[in-house]
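Biologist: Please take a close look at one part of this protein. I would like to hear about a salt bridge and its two partners.

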Amino acid sequence: MALRKVKGNLERMFDKNLTDLVRGIRNNKDNESKYIAQCMEEIKTELRQENLTVKANAVAKLTYLQMLGYDISWAGFNIIEVMSSPKFTFKRIGYLSASQCFHQDTEILMLTTNMIRKDLNSQNMYDAGTALTGLACFINADLARDLANDVMTLLTSTKPYLRKKAVLLMYKVFLKFPEALRPAFPRLKEKLEDPDPGVQSASVNVICELARKNPKNYLSLAPVFFKLMTSSTNNWMLIKIIKLFGALTPLEPRLGRKLIEPLTNLIHSTSAMSLLYECINTVIAGMPNHNASIQLCVQKLRILIEDSDQNLKYLGLLAMSKILKSHPKSVQSHKDLVLQCLDDKDESIRLRALDLLYGMVSKKTVMEIVKRLMTHMDRAEGTSYRDELLQKIILICSQNNYQFIANFEWYISVLVELCRMEGSQHGGLIASQLLDVAIRVVAVREFTVGQMALLLDNAHVIVGPAAARSSIAEVLYAASWICGEFSQYLSNPKATLESMLRGKVASLPGHIQAAYIQNMFKLYTRIISMAEEEEDSEMMEEVECVTNLLLERLPVFASSCDLEVQERASCMLQLVTFVHKCHKCQDRVGSDLALLVSGELNPVAPKAQKKVPIPDGLDLDAWINEPPSESEGEDDDAFSNDIFIKADHASKEKKNHKHEPTEEELQKRRDARRAEQASNPYYVKSSPSTTRAPISNNVEEIPVTSLDLNVPLKIPGMTSLSKYQIVDGWEGSSSKKHKKRKKNRKHRERVSSSSEEETPPVLVVNTDAGEMPEGANMSDEEDNDGRPEDDPHRALDINLDEPLSPGETLPTRVHREVKRDEDKPKKVEADNQKTDKSKSSSKKKKKEKKENKKRKESHKKSKKEKPQEADIISLGDSLQNTTIHQENQPEPNHINGVEETQDKDMDIWLSPEVPENQVCEGIMDQTVEAEEKKQDETPATVSKKKKKKEKKEKEKSKKERSSKKSTARDRTEYEEANGSICQELQESIPMPEETVNPVKPCVKLMAEDSHLRLLYSMEAMEGVMAQVVTHVTFTNLASSPISNLVLHLPDTKSIKMIRTVVNSEDFDLPWRLEAGSTQEQQFTFTAEDVTVPHKLRGSLSYSVDGMASELPLKVDFAITSFLSGRTASRATFTDLLASGQLTARSSFTITDFQLPFCEVLAAVTHGGSLAVVEQVDSTASLYGRSLHGHHVCLLLKNATIGRLTVDGKSTEGTLLSNTLDHMKMTLVDMQQN
C-alpha cells in the first residue's frame, strides 16, 4: 500500500498542470490542434484514476480548453465528482468548470440537487458561497424549485457574505420558479434594511430588476426606497433606486410631487454625471408638468451637450429628445446647439441630433429643415448615414398624417429628388410615400401622375449600374402603379406605355415586373376606351400599333423565371390577342375591358388580414387532398431541382474546369464595359487628348471642360425644389443683421406678401386608418404588452398584496416518518380484539359482558397514559375544525402579516399636507378620536347596544347548537401538556367580550417630581412605516403654569426618534401646561433591532414661576413594544404552522401557579402586542408579528392545576426567547403580588 502511494506521488510529479498546458499551447502554435488532441488523451487518462487530486487537475485543464472553444460536455460526470469533493480547493475547481460548461438543459443536473443542498447548508461559508455562485450560472426550473427553500434560509445567515450572495441568487430563482416570489418576498423585503451595506445594495438591485418589467406590483415599497434615497451615499445604489422611481412615478402621480425636492437637490449637488442623468430621466418621466424642474434639466443637459466628452454629449441629446415630447418650446430655444451637432465627427451624435430636429418641425419650419438636411445629405460621407438622413426627412414630412405639409407638390418634388440619390437602401420607403400621398390627397394626383410618368420615361437614370446594390428601383413599382391606377390624368398614355416596354425592364425584380404588366393592361384599356369613344381613325391606328407592340414584347415576360410575372404576362397576352381579333372584326371591347379595372382602391388597414374571420366549417390545418406518402416525398425531393432546368451531371465536371478567355472574348468584355461607362451618367469620362496641361497654381487658369453625356444629369420636365419659396423660414435662422431697420421691415413685408400669394390652399388629406373587415375593430384582440411570449418576466407579473393561500409555500424535503409511539397501542388493541373474538365463541354470554367492560376500562386508561412530545404544530389540526371568535369581523388582507392598511399608509405618506415624520401620528390621532367618541356616548345608549348584542349572541348560540346536533360531527382535538396528551371531545368556547373590544394601552410611569408626572404607552405601527409610536401624557401637579418644556432624548444605535429638526437631540414642546391640566404628545421611534429590548435615557427641562428645572426620565422599550397582534387570524396562524417557516422553538413552565386563566390571558395580551387566535378551555393560542416581519406563535396551557406551560415557535430565535422571558417575568410578578 505504501509503495502504491509512493508510486502515485512520483507519477503526479510528472503530470502536466494548468501552467504546463498553457505554456505548451504557446510553444506549439504551428500544430496547436495536434498538441491539444494529445493533451485531451492525457486528460482522459487522468480522469480514470481514483486520486481526486489528479481528477481536479484534469478538470482545471478542461476548463481552460473549454474557454478556447473545445467541447468538454463528455466530462460532466467527472466535473460533478470534483464538485462533491470535501476539499475546498477541489470543490472550487469543480463549480468553476460547471458554471462554464453546464447550462439549464444539461441532463445530468438532476444528479447535483442533494450535493448542492449539502454545500448550501455547510458550516464553511466559503463552501456555501461557492455553491451559490456556481448555481447562479446553471440553475434551471427543477433546481430552483428544489433549492428555493435552502437559498431563502441563507437570507437570515449571520454572515453578510452569504446573505449578499443568497439575495442575488433569489433573482435567478424567481425567473426559473416564479411561484417562489410571493412566499419569499417578505424575507427579501427585510433585507432592504439590512445593517450590511453590501446586502442592502444587493436587495435593492434584485427588487429594482423585478420592478423594471412589472413596476405596479412594487408601488407599496416607495416609502422604503424613499428613505434609502435620502439617507444613502452610495451612488450606484442611488442610480438603481432613482431608476425604479422613474418607473413608478407614471403609475402614481403623487409620488412625483414627493420626489421633486430630493431630486432637485441631487441635480444641484452631485458631481457624478451618471447619477445626474438618471435624476433627469426620472424628472422627465414623473414630473412632466413641473416647469421649474424641466427648465433646470434642460440647462444641465446643455452643459452635457457642450462637453468635449462624446459620451456625455450623446446622453445629453438622448435626454433632450425625451423632454421634447412634453416641452417642445423648452428644447426649441436650443436649436442652434442641435444644428451644430449635425456637423460632429461622431455619426451617432449626428443621428441623435436628427431625432431632435424631428420634434422641432412646424408648418413654418418644415421646408427650411428639409432643405438643410438635403444639403447636408449631398456632402455627407457614408451610405448608412445618408440613408438615415433620407429616412429622417421622410419621417419629418409624414408625421401625424402629413400634419406640417402645406404644399404637397413640394413634398412630391422632394420624394422625386430623393430618388436620384445613388446607392440608397430606402427605395421601398420612398415608394410607399408616393403611393400614400397619391391615394390620400386627391388634389395632388394630377401633379403626381405627371412626375411619375417622367420617372418611367427616364427609368434608365434610376436603374443605373449601382441599382443592384440598392433598392431605389422600388420607386418604379410606385410609379407604374400610380400611372396605371390614375391613368385619366395622363396627357399621353401611349408614350407612358411605350416607356414601360422599352429599356431593361426584364432586368428588374420580379414583383416590379408584375406591377409593370398589370398597369400596362390598365393603360392599354384606357387607350382603347378613349379611341372607341371618339371614333377617331388615327387613334385606332395608334391602338393597332400598341397592340402589335404588346404582342411583340409580352412573350419575353411570359418566359420569365418568376411565376407571378409568367402568369400575369400570359393572361395579358391572351387578352391582347383577343382584342386584336375583335378589332379585326370591328367589334368594340373598350367598355368591357374597362369593367375589369373599374373601381377605386382604398387603403387597407395594416392588421386587416389578421382580422378576417374564418368561415364556419373551414379548418386551416386540415389537408385539402390526401397527404403524400413518404416514398412520393422522396421522389419529389429528388426531382424538385429539375423542374425548370434539365439535370446534367456532366455540367458539374465542366464547372470544375476553369475556362481561360481568348483575346476576342477579352475584347468583347472591354467593349461592353466601355458601353456601360458611356451610358452611366455618374461616371466621369477622361478627355481624348493624351497631353497633360501644365500644372498651374492660379485657379482662374484651370480650364473648364463641358461634359458630353448621353444621359443628362437632370430629367427634363422634372420640377426642381428651387421653384418653391420657403415660407417664413426658420425662426432666427438668418444671422445677417441689416444696418437699417426700415429696409428689414420692407423686406419682411415683401416676403410675407409674396408668400400669401404663392401659398397653395390647404389640401384635404384622407386620414383614415384603412378598411377593416365587417365587425372588426382596431383594438380587438390587440396585445398591448410589447414583451415577447417567452419573456420570463411575464410570469413574474404577480400581485404581491393578495393574501397567501395555504398552498403558496416553498417546497421542502419531506421524509417518511414511522410513528412508533402512536401505532403500537393501536396494533395492540387490534390484536386484543382478534383474540377476544376467538375466545368469545367458546365462552358464555355472561363472560363476554365482563370482558367488554374490562376492555372499555383499559381503553380509557390507555388514552390517558399515551406519551407524546408536546409540540405546537398539533394545535394546527384542531384549528382547522374550530370556529374563530372573530367570525363577525372581516379577515384582513395580508401577505405574511402585512395588512390592507398598507394602502392607507401609502396614501398618508403621499399626501402633501402631512409631513413624513408625522404619518404614524396622524394614524394614531384617528384612533384616539374614535375612542373619545365612544367615551362621549351616554349610559342609556350603551345599555341599549349591550341588550342588542346579547340578543344576537343568544340567537347565534342557538343556531350553532342546532347545526352541531344535525351534523353530529365528532372532532378530535388534542390538548397538549409536557409529557402527556388527552384526547377528548370538546367544543370551541367563544371568546369573551373583552378580547373583541379595542385593546387598552399599557401605561407606564416615565418620570415624576413635585411639579410634573409623565406617563407613556407604546404601540407598534406595522405595514409600510414599521415604527413605534409612543404616547406621553404630561400632567401638571403644581399650582402654577409650566412653560418652556424641552425634551432632551439622545438617540442610540438601535433606537432613533423621528424629529422635525434634523441633527438635533432636543424637542421643543409647542404648548404650555396650565395648573392641574394634562397634555398628550406623540413621538415616533424607529428600531434597527427588534429582537431585543432597549432603553433610552434623557431629561425634560421646564420653567415654573421663572425657575428652570430638569427632570431625568427613562423610556423602556420592552420586547412586546415591537410586536403587534392586529393581523392575528386563524388563517395566518394555520398557514404559518404548516409552512415550516417557524424554525425557532422555546418553552417555559411555571409550577404552583394559582391565577385564573382569564387573568393570565388579559395580562399577556395587555397592550395589543399579542392577540388570542383561539381558546379551548384552559388552552389558548396567541400570535404576534414584529415590525420587521418576524412571526411569533405561542400556546398557553393550564391543563393541570398549579402548572402553566407556554410553548413558542418563531422565525427568529432571539425574538422568541426574549418574548418568553418577558412573559415569564410578567406572570411571576403577578403571582407574587
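Modeller: What follows is a walk around lysine 55 and its salt bridge with glutamate 81. This is a predicted model, in which local features need pLDDT of at least 70, side-chain atom pairs count only at pLDDT 80 or more, and totals for chains, interfaces and linings use all residues. Residues are numbered from 1 along each chain as its sequence is written, and side-chain values use heavy atoms, with hydrogens and water left out.

Start with lysine 55. Its place is in helix α4, residues 52-67. Helices (H or I, at least four residues) are DSSP runs, numbered from the N terminus. Lysine 55 is buried, at 7% relative accessibility. Buried means under 20% relative accessible area, exposed over 50%, and partly exposed in between, with a 1.4 Å probe and protein chains only.

Now its neighbours. Leaving out residues up to four places away in sequence, lysine 55 touches Glu46, Leu47, Gln49, Glu50, Glu81 and Val82. Contact here means heavy atoms within 4.5 Å.

One of these contacts is a salt bridge. Glutamate 81 pairs with lysine 55, and the closest N and O atoms are 2.6 Å apart. The rule asks for a side-chain nitrogen of Lys or Arg within 4 Å of a carboxyl oxygen of Asp or Glu. By this rule the count comes to 26 salt bridges.

Glutamate 81 lies in helix α5 (residues 76-83) and lysine 55 in helix α4, so the pair ties together parts that are 26 residues apart in sequence.

Methods
Helix = DSSP H or I, 4+ residues; strand = E, 2+ residues; numbered from the N terminus.
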